[in-house]
Each structure stands twice: as structure tokens, then as C-alpha cells.
Amino acid sequence: MALSDVALCARALVMIGAAPISSFEEDVAEAEIARMLYASVRDGMLAGYPWRFAGRGCWLSRLAGDDAATSPQDGSHLFALPRDFIRLLSLENDGGKIARFELRDQAVLVASDSAYLSYVARLPEGSFPAWFDMALMARLAAEFCLPLTESSTRAEYLFKRAEDQLREARLADAQQSTPHAIDDFSLISARG
């Protein structure tokens, strides 16, 4: 069952014993806290791990006005990042991995004429898998607890619970694809 941002917050509020909300625009403390914290908690959780379900890739477009006359002398170019970009995983070009780059405001500076970006994307809430929903709700409950209940003991317990849920979500996400094999490792070939 796909959950919306409001539904995720409502369930997190129920986890701490607060009244659920049906909109971020309600005139209650719960809605105000949820509205203020939700987006940053969601983005922080997406950025905190290279989630397979949120992984995307695309060739980047050079920014307008980035030409030989305005580029730095090392041949670097500015490439626009996608709108849904949250975290850079890797950059490549036709020659392989790009090791040197610099993230700038909604762009990346690369000493290459082309760049393929692998990244974590900001996705619609309805596309989150159940294990990420559970981890996100647990983290939201922990974040909402102190401002709404003023119980630091309860908040501490919820943060520990959120860490457990996050660990389970990472494990579930890691099991969604075949692990990378170690093909070329000097110690394996040295065994003979």
C-alpha cells in the first residue's frame, strides 16, 4: 500500500500517542511539526545510504554559457544536476570513472566533455518500499516526540528503535540485487 507524505506523518504521530493529521495545513501543533520536519527527515534518510530503490542514472547536460572561453584552464565543464538529485554515487565518462569533481549549486564541475551520473533520487512517497516506509515512520516518530511530548526518555527510546528499523531497511534493500563479485583481487590470484 503506497503511503503519502501526510499518511507517513500521521502514522508516526500515532506511534508517539499523538493525534494523527489529515493535512499539513491543519491548525494543530502536530501538523505544524510534521510540516516543518518531514521533508528534511525524508531527504536526510534518502541521502544517508545508497538505496537501490532510489538509485538512478543519466547523462548530464552541460550548462548554458559553459564554453571554452568561460571554462577553467584545466578543461573542466559545469554539468546540470537532475531536479530529483539528492546524493552523488559516482560519475563516469566514456573512459571510465571520474575521480575528481566538485559539486556546486545544482551543478557538478568535471574535467571531462561528458559525464554520466549515478545518484540517489528524491522519489514520490508512493514509490517507497515497505521497509523504507517503516524506517522513515520510526525516524519521524523519534523526531516528532520531543517537540510534542517533551519526553526525552521516550525520544531516546524512539531514536534507538529508529536505528534498528534503519538497519533492517538497509538489509532488505541490500538483498534486492545480486552482490558484486570480487573478480580481480591480488590476494586471490596469489593463493594459486
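The model is predicted: local features need pLDDT of at least 70, side-chain atom pairs count only at pLDDT 80 or more, and totals for chains, interfaces and linings use all residues. Residues are numbered from 1 along each chain as its sequence is written, and side-chain values use heavy atoms, with hydrogens and water left out. The chain has five helices and seven strands, where helices (H or I, at least four residues) and strands (E, at least two) are DSSP runs numbered from the N terminus.

**Overall organisation**

- Read from the N terminus, the order of elements is α-α-β-β-β-β-β-β-β-α-α-α.
- The chain comprises 192 residues, of which 38% count as buried; buried means under 20% relative accessible area, exposed means over 50%, and partly exposed lies in between (1.4 Å probe, protein chains only).
- Contact means heavy atoms within 4.5 Å. Among contacts between residues at least 6 apart in sequence, 69% join residues at least 24 apart.

**Helix 3**

- Helix 3 covers residues 130-149, and its 20 residues reach 27 Å from the first C-alpha to the last, close to the 28 Å expected at 1.5 Å a residue. The expected span is 1.5 Å times one less than the number of residues in the helix.
- A bend of about 25° occurs in helix 3 at Glu143, and Pro147 follows within four residues. The bend at a residue is the angle between axes fitted to the seven residues ending there and the seven starting there.
- The buried residues of helix 3 include Phe132, Leu136, Met137, Leu140, Phe144 and Cys145. Asp133 is also among them.
- Helix 1 (5-15), helix 2 (29-47) and helix 4 (152-174) are the elements against which the buried residues of helix 3 pack.

- Glu150 follows helix 3 and is found in the loop between helix 3 and helix 4.
- Although Glu150 is not a glycine, its phi is positive, at about 60°.
- Glu150 is exposed, with a relative accessible area of 70%.

**Helix 4**

- The 23 residues of helix 4 should span 33 Å at 1.5 Å a residue, and the end C-alpha atoms are 33 Å apart, in agreement.
- Among the buried residues of helix 4 are Ala155, Leu158, Ala162, Gln165, Leu166 and Asp173.
- The buried residues of helix 4 pack against helix 2 and helix 3.

**The cavity**

- A search of the whole structure finds one cavity of 30 Å³ or more. On a 1 Å grid over the protein atoms alone, a cavity is a set of points where a 1.4 Å probe fits but cannot get out, and lining residues have an atom within 4 Å of a point.
- The largest cavity holds about 30 Å³ of space. Grid points are joined across faces, edges and corners, and the volume is the space filled by probe spheres set on the points.
- The lining of the largest cavity is formed by Met45, Ala135, Arg139, Ala162, Glu163 and Leu166. Helix 3 and helix 4 are the elements that give two or more residues to this lining.
- Helix 4 provides the largest share of the lining, three residues.
- By class, the lining has four nonpolar, no polar and two charged residues. Ala, Val, Leu, Ile, Met, Phe, Trp, Tyr, Cys and Pro count as nonpolar, Asp, Glu, Lys and Arg as charged, and the others, Gly among them, as polar.

**Individual residues elsewhere**

- Asp43 lies in helix 2 and is buried, with a relative accessible area of 18%.
- Leaving aside neighbours within four places in sequence, Asp43 is in contact with Ile86 and Arg122. Asp43 and Ile86 are 43 residues apart in sequence, with 7.2 Å between their C-alpha atoms.
- Ser118 is found in strand 7 (residues 116-121) and is buried, at 19% relative accessible area.
- Leaving aside neighbours within four places in sequence, Ser118 is in contact with Arg56, Gly57, Leu88, Leu89 and Ser90.
- Gly126 lies in the loop between strand 7 and helix 3 and counts as partly exposed, at 44% relative accessibility.
- Leaving aside neighbours within four places in sequence, Gly126 is in contact with Ala2 and Leu3.
- Gln106, in the loop between strand 5 (101-104) and strand 6 (107-110), has a positive phi of about 55° although it is not a glycine.

Conventions
On a 1 Å grid over the protein atoms alone, a cavity is a set of points where a 1.4 Å probe fits but cannot get out, and a pocket is an open set with protein on both sides within 12 Å along at least five of seven lines; lining residues have an atom within 4 Å of a point.
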